[in-house]
Protein chains: 2
Amino acid sequence: MNRQITLASRPKGFPVPDDFKLVETPIPEPGEGEVLSRTLFMSVDPYMRGRMNDRASYAANVQIGDVMVGGTVGEVVASNDPDFEVGDIVQAQIGWQAYGVSMGSNLRKVDPDLAPVSTALGALGMPGLTAYCGLLNVGQPQEGETVLVTGAAGAVGSIVGQIAKIKGCRTVGVAGSAKKIAHVVDALGFDAAFNYKEVADYSAELQRLCPDGIDVYFDNVGGAVSDAAFPLMNVHGRIAVCGQISQYNLTEVEQGPRFMWHFIAKRLTMRGFLVSDFADQHAEGLKQLAVWVNEGRIKYREDIWEGLARAPEAFIDMLRGGNIGKRLVKVAD
Amino acid sequence: MNRQITLASRPKGFPVPDDFKLVETPIPEPGEGEVLSRTLFMSVDPYMRGRMNDRASYAANVQIGDVMVGGTVGEVVASNDPDFEVGDIVQAQIGWQAYGVSMGSNLRKVDPDLAPVSTALGALGMPGLTAYCGLLNVGQPQEGETVLVTGAAGAVGSIVGQIAKIKGCRTVGVAGSAKKIAHVVDALGFDAAFNYKEVADYSAELQRLCPDGIDVYFDNVGGAVSDAAFPLMNVHGRIAVCGQISQYNLTEVEQGPRFMWHFIAKRLTMRGFLVSDFADQHAEGLKQLAVWVNEGRIKYREDIWEGLARAPEAFIDMLRGGNIGKRLVKVAD
């Protein structure tokens, strides 16, 4: 039998385990041009919270009773596409389930000799590409500039900071625990970082850690750290809006200080993006990320929970900031 | 004798007449390479409010006792620069005074046969260029798109809307009186406009007037109208931040709903700018604006107060939205 996790109810605020339901269904048969994969790892990502809402946003939302969406790494167990053979490892988008069919055109082959296959959901997958495409296209970091990254210990932020270092920037991270701060500074090589849960005056701390101001602000989180960052942006600074995880579980729109004046005084540019906006750079980006990973210039950490049944819990905990590095769920060996 | 208006005290909130002082001083002698001009018209503009503050922003602030800064149109009365003759009409930056010296390199000759010389401070001057450079570079309006303009009856907004019409856009204005609304729709040809002082639900009104959403938001004002505009932006929308006049006289930073999430969902770009960022386009811009004015495709309105002594009052009233079109002060015939 197949096992699937479906959306049982739409969350009000933070999701709870009862918003999800584990169901058993027959394993599907692949149709013409389709490939059946058996999930080894599934990804839980912040964006999935938006798909649980009533209203569609930039992508369609999940309907009640539907399988939760998301990326997987799996093994091909049946194939009606000549490009894929049984035993191939593929990155698919079949969501939170043990088996699923995909059109071959929606699959990406993963080379198990290049790196652990789970990285196809992290440093060498969507989060890595989000960091790569977003930082380079929107942030446009120049040598000697200061790059501020929120969610610095997360799947995207941890890669952003390391690419910024490769580009010769001073890199400052913000994260939510002492362990995360130690990780990004000691293991990942950020120049500095602070724990926003412990620091009271974000503005003073940012001024201390960014003595030359901020040239690139790569934001995964939003909220009060952004409030403190805008006034410290340098002339012609760039703000890459990648995520706003501090806002996803609010039941009312939060208020904050107006900041558009700074955009005039400093001639700032702020741009929101999705990784799919840069689809034409994905192949090149994955190649470059793999080189950097193999050279040891990009380190990654995975935070793996075991068992499909624990996916809701792994997801909710990630939304609360429980992960260091890429949160994954291991579904099968 | 020369007459000058100096900064007497730094305003707390809205400026008051006592923040300014009218003083008499000797008419200065032009030094080497300098030109003495007698002011005919002087400009009052929203940006001057920022110069009255304690802290320098993108430009140096005015010190207590200094002449208020600003653009003028004057007649050359003495010249030590061979490029300028007595009787020439020049656009200068000598501020709020009846006479002043400038380096010739800081003057722009004004052709009195092209248009009334006062337009060198409005449609054919800094405000016109601000509209032209800002809309075309930052807004990048495409035929058939919807352009929303705040401060639509002001010196910049009125030109922005007309250029947007020339570019084939649906153009919607926001302004603060019934007279202004009538002016921008009936005289300037905006497709629609609303009076933000009379409309209660900005979001509903914007949805009504922008049925296809907003592609370009050219903002001179900020505040609650912006709050309503962001959620209605279309995918790949552009926000040109030109002014934030609603915020200039606040004594505390105003709070508003956080809106960065919309930047991700719609992949918006917001960019603040100064007209000086596009200095290399000014000559071409002035030429194009003059063509449009002479073809009757850009109409302008001037709102002229008489007498240098009334400049503070004219300025304060402009900050309160009293002007329709470009607010000027006529200093001499």
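How many residues of chain B are in contact with chain A? The contact takes 28 residues of chain B and 28 residues of chain A, where contact means that the C-beta atoms of two residues, placed from the backbone, lie within 7 Å. This is a predicted model, in which local features need pLDDT of at least 70 and side-chain atom pairs count only at pLDDT 80 or more, while totals for chains, interfaces and linings use all residues. Residues are numbered from 1 along each chain as its sequence is written, and chains are lettered from A and ligands numbered from 1 in the order in which they are written.

The model scores ipTM 0.96 and pTM 0.96. Chain A averages a pLDDT of 97, with 100% of the residues at 70 or above; pLDDT is the predictor's confidence in each residue, from 0 to 100.

On the side of chain B that touches chain A, the elements giving two or more residues are β13 (255–257), α7 (260–266) and β14 (269–272). Helices (H or I, at least four residues) and strands (E, at least two) are DSSP runs, numbered from the N terminus. The largest share, 6 residues, comes from α7(B). This side of chain B divides into 13 nonpolar, 9 polar and 6 charged residues, counting Ala, Val, Leu, Ile, Met, Phe, Trp, Tyr, Cys and Pro as nonpolar, Asp, Glu, Lys and Arg as charged, and the others, Gly among them, as polar. Strand β13 of chain A pairs with β13(B) in the antiparallel sense over 3 bridges; pairing requires at least two bridges found by DSSP. Within β13(B), Q255(B) is the bridge partner of P257(A).

Chain A is assigned domain 1 (2–122 + 300–330) and domain 2 (126–276), with bounds from an automatic or database domain assignment. Their C-alpha centres lie 28 Å apart. Each domain gives 17 residues to the contact between them. The domain 1 side divides into 6 nonpolar, 7 polar and 4 charged residues.

Helix α9 (residues 311–319) of chain B is largely enclosed by the rest of the structure, because 7 of its 9 residues are buried. A residue is buried if 20 or more other C-beta atoms lie within 10 Å of its own, exposed if 12 or fewer, and partly exposed in between, with C-beta atoms placed from the backbone. The buried residues of α9(B) include F315(B), I316(B) and L319(B). They pack against elements of chain B including β1 (2–7), β3 (34–43) and β16 (326–330). After α9(B) comes G321(B), whose phi is positive, near 90 degrees.
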